[in-house]
Each structure stands twice: as structure tokens, then as C-alpha cells.
Amino acid sequence: MDMFFSRGNTAMSAILLLLGILSSTGVEFTGAQSVGVCYGGNGNNLPSKQTVVDLYKSNRIGKIRLYNPDEGILQALKGSNIEVILGISNDQLQSVTNAGGATNWVNKYVKAYSDVKFKYIAVGNEVHPGDGAAGSVLPALQNIQNAISSANLQGQIKVSTAIDTTLLGNSYPPKDGVFSSSASSYIKPIVDFLVKNGSPLLANVYPYFAYTNNQQSIGLDYALFTKQGNNEVGYQNLFDALLDSLYAALEKVGASNVKVVVSESGWPSEGGAGATVQNAGTYYRNLINHAKGGTPKRPTGPIETYLFAMFDENQKQGAEVERHFGLFRPDKSPKYQLSFS
């Protein structure tokens, strides 16, 4: 924005600045924003793809996470300036474990959409060491990276995978965070890949599930960012504690320079313990505000964070609570009053 403020050009700068602020797709708005929203499509009552992208724009949401390369939404994102995490679903990992498959995938879904602002490729989501797809993650990462480099996009797009915090064997106190013995042989080569390529680790961080699984030890205020003062190990909220335990685990495998991007975090409005509209609204509002800063271990923010999710997904598999993470109802009305700008 500084480029507008040359001496003697104040009136024009003010106009340009105003236009930048008013434009829902301007660089000024997306560049400074640390919070995006995940777009899941597991519903039979959701708005059209173009309507979804328009909803991102009108709410000034400058980042989106896609779980697979849906060409309808990619088409709608063209020229929008919205930053994109593009996912390769777990059932597709095998198809990109060789050079040809990876090149075809990048040609079809990345190079063909040159006016979409891709930021990360998420190669798999929450793959665990014992899963059938586990052996495909590293070769898929390597081949997608090679295809991105061959397309000369390595300066723009980072290749990573999204994990969850169950890969940690210990997470408290946060400084003692470490990957579990069962996960370390799986995660270490992946982390080495991230170090070599200057990529972040994508991590899905859910204080909600940590709280519901351990209510006798974890207070609701600690999970919702409403606790006053620090606990005995110097933490005011569960989000920071979980994130810093991941940073501690990364340090222990020689990856102290790897940044963590929070690729999912959310709170449900119904369907489980503590799942109310009031609690969820409190969580999302406080997380948006909190992401502007850092954690005790990494105080220099912001924390790049993707809220889960844009809509309630009525066809999502699993427990009832899984279908109630939406920020918006299928009719596009907001469930909470949130400000993304």
C-alpha cells in the first residue's frame, strides 16, 4: 500500500486507498488477512459454486481451502484474488505417486487455472501411520513438488500435507510436545521434505475435540479463549498450547524453521458436548482476533488459520456433531456475526 503515498499525490492516494478498502478482491484486503475458511461440499442443499465464491468476496474472506480440485469452484475462483489451498484427497494419493500422474494432475488442475491464486497443495488430509494411504504420502509429495517445479511455480506454490494433533505422543506441557513413537517413522521423512523445500506443515487444530475428550481437566473458558490469566505452564488458551506442542515436536525432529499453518479449526453449534451457537460464535470471533498475533513459542504473528467450515454439511459422515461446523447456513445467512476484514 505504501507505493500509493508519494509526496504531492495525497488526494489520489486517498482515493486509491478507499478503493482498495472497498474492493472485496483487492490485494490490500487479501494480503493482510491471516484467516481463511474451508469450503466443504458434503451437502445436498448448498449454494452454487459461483454463489459460494461471491459469498467469500462479500464477506471479505481472502483465503479458501478446497479438499479436492472441483472444477466448478476453480472456475468461479478465476480472477478473484482469493488465496487457495488445493487438496488431493486421500483416495487419490496413489494416482500421483508417480511422475506422470503428478504431472497430469498439476497440468489439469493448476496450470489450467493460471488466474487462480494457488498458495498450497495439501497432499492428503489427516493420514495416519497405519492407514492404507500412509505409504503414498511421501512419494506423492515428492512427485507433486517436481511437477510444480517443472511448471516453474515453486516460487508461488508450496507443497505440504495436513496432519492432525493425534500424531503427538505428548502435548502437555507444550514444551514437551513430541511425535508419538508410532508416528515418528511416518512423519520424520515428511518433515524432512518440508525443510528441504521451505514448505509449512499444515495442521488441523481443534481445541473443541481436546476439550470434549478431557472435560475433567480442561475448562471451557480455556478452550474458548475466555480464560483470565495464564495456567501453571504459562498458557492462556488451549489453541496456543496445542499449536506450540506441535512446534516443540517439530524442533525435536530438526525442523525448528518449519512454520505451522492451521489448515482447519472450528467449533460446532450443536450435536455434542459444549456444542452451542453461543460457544461456537465465541470461539470463531476470538480465534479470528487471536490469529492476528502469535503464540508463546512463536510470538511473531499472524497465525495463518483456516476456519472450518463455510457451511453445515448435512451429508457428512460420522458423529452428528460433524454436520454442524458451518459459519453460514445453506441459505447463505450467517450463523454468527463475524468480521473477516
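## Helix 11

Buried residues of helix 11 are Asn 279, Ala 280, Gly 281, Thr 282, Tyr 283, Tyr 284, Leu 287, Ile 288 and His 290. Buried means under 20% relative accessible area, exposed over 50%, and partly exposed in between, with a 1.4 Å probe and protein chains only. Helices (H or I, at least four residues) and strands (E, at least two) are DSSP runs, numbered from the N terminus.

Helix 11 covers residues 277-290 and has 14 residues. From its first C-alpha to its last it reaches 20 Å, close to the 20 Å expected at 1.5 Å a residue. The expected span is 1.5 Å times one less than the number of residues. The buried residues of helix 11 pack against strand 1 (35-39), helix 8 (207-212), helix 9 (220-223), helix 10, strand 9 and strand 10. Contact here means heavy atoms within 4.5 Å.

## Model and confidence

This is a predicted model, in which local features need pLDDT of at least 70, side-chain atom pairs count only at pLDDT 80 or more, and totals for chains, interfaces and linings use all residues. Residues are numbered from 1 along each chain as its sequence is written, and side-chain values use heavy atoms, with hydrogens and water left out.

The protein averages a pLDDT of 91, and 91% of the residues score at least 70. Over residues 1-32 the pLDDT is below 50. Beyond near neighbours in sequence, that stretch has 25 contacts in the model. The pLDDT is the predictor's confidence in each residue, from 0 to 100. Where pLDDT is low, the predicted coordinates should not be read in detail.

## The nonpolar core

The largest nonpolar core has 110 residues. Leu 86, Trp 105, Ile 121, Ile 144 and Phe 179 have the most contacts inside it. Helix 10 (residues 238-252) supplies the largest share of this core, nine residues. A nonpolar core is a set of buried Ala, Val, Leu, Ile, Met, Phe, Trp, Tyr and Cys residues joined through side-chain atoms within 4.5 Å.

Take Trp 105. Leaving aside neighbours within four places in sequence, Trp 105 is in contact with Pro 69, Leu 86, Gly 87, Ile 88, Val 96, Val 110, Ile 121 and Ile 144.

## Helix 6

Helix 6 (residues 134-150) has 17 residues. It reaches 25 Å from its first C-alpha to its last, close to the 24 Å expected at 1.5 Å a residue. Its buried residues are Ala 134, Ser 136, Val 137, Ala 140, Leu 141, Asn 143, Ile 144, Gln 145, Ala 147 and Ile 148.

The cover over these buried residues includes strand 3 (83-88), helix 5 (99-109), strand 4 (117-125), strand 5 (158-164) and helix 7 (181-197). After helix 6 comes Asn 152, whose phi is positive, near 60 degrees.

## Strand 9 and its partners

Strand 9 (residues 260-265) is largely enclosed by the rest of the structure, because six of its six residues are buried. Strand 9 pairs in the parallel sense with strand 8 (residues 201-204) over four bridges. Leu 202 has Val 261 in strand 9 as its bridge partner. Strand 9 also pairs in the parallel sense with strand 10 (residues 305-307), over two bridges. Here Val 262 has Thr 305 in strand 10 as its bridge partner. Strands pair if DSSP finds at least two bridges between them.

Ser 263 is in strand 9 and is buried, at 0% relative accessibility.

Ser 245 sits in helix 10. It is buried, with a relative accessible area of 0%. A polar atom of its side chain lies 2.7 Å from the backbone oxygen of Leu 242. Ser 245 touches Leu 168, Ser 171, Pro 174, Gly 177 and Val 178, leaving out residues up to four places away in sequence.

Val 205 lies in the loop between strand 8 and helix 8. It too is buried, at 0% relative accessibility. Beyond neighbours within four places in sequence, its contacts include Phe 239, Leu 242, Val 262 and Tyr 283.

Most residues other than glycine have a negative phi, and most peptide bonds are trans. Asn 81 is not a glycine, yet has a positive phi of about 70 degrees. The peptide bond from Gly 301 to Pro 302 is cis, with omega near 0 degrees. Pro 302 is in the loop between helix 11 and strand 10.

How values were computed
Polar contact = N/O pair within 3.5 Å; in protein donor to acceptor, adjacent residues only side chain to side chain.
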